Amino acid sequence: MKDVINFIINHKDFYPEYFINNRLKKCKYGYTCDVDQIYCYLNKKNIKKTIYYYFYELSCQYFDLSNKKLLEVTCGYIPILSSIYINNNINISAINIKILINNYKGVKTIEYDLNKDFDLSTYDLILGIRPCNITENILDNCYKYKKDFMFYLCPCIHKPKSKINVNTYDEWIDYLKSKTANFKNYDIIFITHYTFKDNCPIIIGKYKK
């Protein structure tokens, strides 16, 4: 954990929240996505035993990734997930509002605020782990551009665009289910999987061409 803490200290402009309320002392693997990425980047964790690899394996079960162009949204400061696809000779780019390790392991990285619309027309499949506050916007963008998608949702409760009241996590998920049920020409499922150690759903959407 010491090396991880030192990494955060050396890049404190990216991780200011960890200097509040003694959070640095809590930075074990599994604490947050940011921390997990650092463990992987520093080779302190077997990548095949991480949520990133489990997500990759699951995506291979649901999609044929050969000759496809992928985009990882909200990739975080270090695009660990995308690096797994690159290592398996899959074409992927990664986008986040800020990137610390640009073009990590050959991943093309893009700095962009996904609260704004983003042109998805050149991509085949949109992926994301814990897309958090951009979840609804990126779903709308996938629908707009008729793109397949797979997102492992975060445990946060967000304010819907429709401004309806959502007070619990279950209500937020129900809202997303209701919203995506209206996506015409899509097959959409919400699943949970035993390798993902919480009850946050994975949403998988396939456009019926």
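The following legends describe close-up views of a predicted model. Because the model is predicted, local features need pLDDT of at least 70 and side-chain atom pairs count only at pLDDT 80 or more, while totals for chains, interfaces and linings use all residues. Residues are numbered from 1 along each chain as its sequence is written, and side-chain values use heavy atoms, with hydrogens and water left out.

**View 1. The largest pocket and its lining.** The largest pocket holds about 950 Å³ of space. Of its 41 lining residues, C33, D34, T74, I129 and R130 are the closest to the centre. A pocket is an open set of points on a 1 Å grid over the protein atoms alone, where a 1.4 Å probe fits, with protein on both sides within 12 Å along at least five of seven lines; lining residues have an atom within 4 Å of a point. Grid points are joined across faces, edges and corners, and the volume is the space filled by probe spheres set on the points. Helix 2 (33-41) and helix 3 (51-62) each supply at least two lining residues, and helix 2 provides the largest share, four residues. Helices (H or I, at least four residues) and strands (E, at least two) are DSSP runs, numbered from the N terminus. The lining comprises 21 nonpolar, ten polar and ten charged residues. Here Ala, Val, Leu, Ile, Met, Phe, Trp, Tyr, Cys and Pro count as nonpolar, Asp, Glu, Lys and Arg as charged, and the others, Gly among them, as polar.

**View 2. The second largest pocket and helix 4.** About 220 Å³ of space lies in the second largest pocket. Its lining has 13 residues, with I47, S83, I84, N87 and K105 nearest the centre. Helix 4 (residues 80-87) gives the most to this lining, four residues. Six of the eight residues of helix 4 are buried, so the helix is largely enclosed by the rest of the structure. Buried means under 20% relative accessible area, exposed over 50%, and partly exposed in between (1.4 Å probe, protein chains only). The buried residues are I80, L81, S82, S83, I84 and Y85; they pack against helix 2, helix 3, strand 1 (69-73), strand 2 (91-96) and strand 4 (125-129). Just after helix 4, N89 takes a positive phi of about 60 degrees.

**View 3. The surroundings of H158.** H158 is placed in the loop between strand 5 (148-152) and helix 6 (169-181). The residue is buried, at 14% relative accessible area. Its side chain reaches the backbone oxygen of C132 at 3.3 Å. Leaving aside neighbours within four places in sequence, H158 is in contact (heavy atoms within 4.5 Å) with C132, N133, V166 and W172.

**View 4. Cysteines without a disulfide.** The whole structure contains zero disulfides (pairs of cysteine sulfur atoms within 2.5 Å). C40 is buried, at 5% relative accessibility, and its sulfur is 11 Å from the closest cysteine sulfur, in C33, too far for a bond. C154 is also buried, with a relative accessible area of 4%; its sulfur is 3.7 Å from the closest cysteine sulfur, in C156, again too far for a bond.

**View 5. Two asparagines with positive phi.** N22 is found in the loop between helix 1 (2-10) and helix 2, and its phi is near 55 degrees, a positive value in a residue other than glycine. N22 is exposed, with a relative accessible area of 53%. N67, in the loop between helix 3 and strand 1, has a positive phi of about 55 degrees although it is not a glycine. N67 is exposed, at 79% relative accessible area.

Note on methods:
A polar contact is a pair of N or O atoms within 3.5 Å; within protein, one must be able to donate a hydrogen and the other to accept it, and residues adjacent in sequence count only if both atoms are side-chain atoms.
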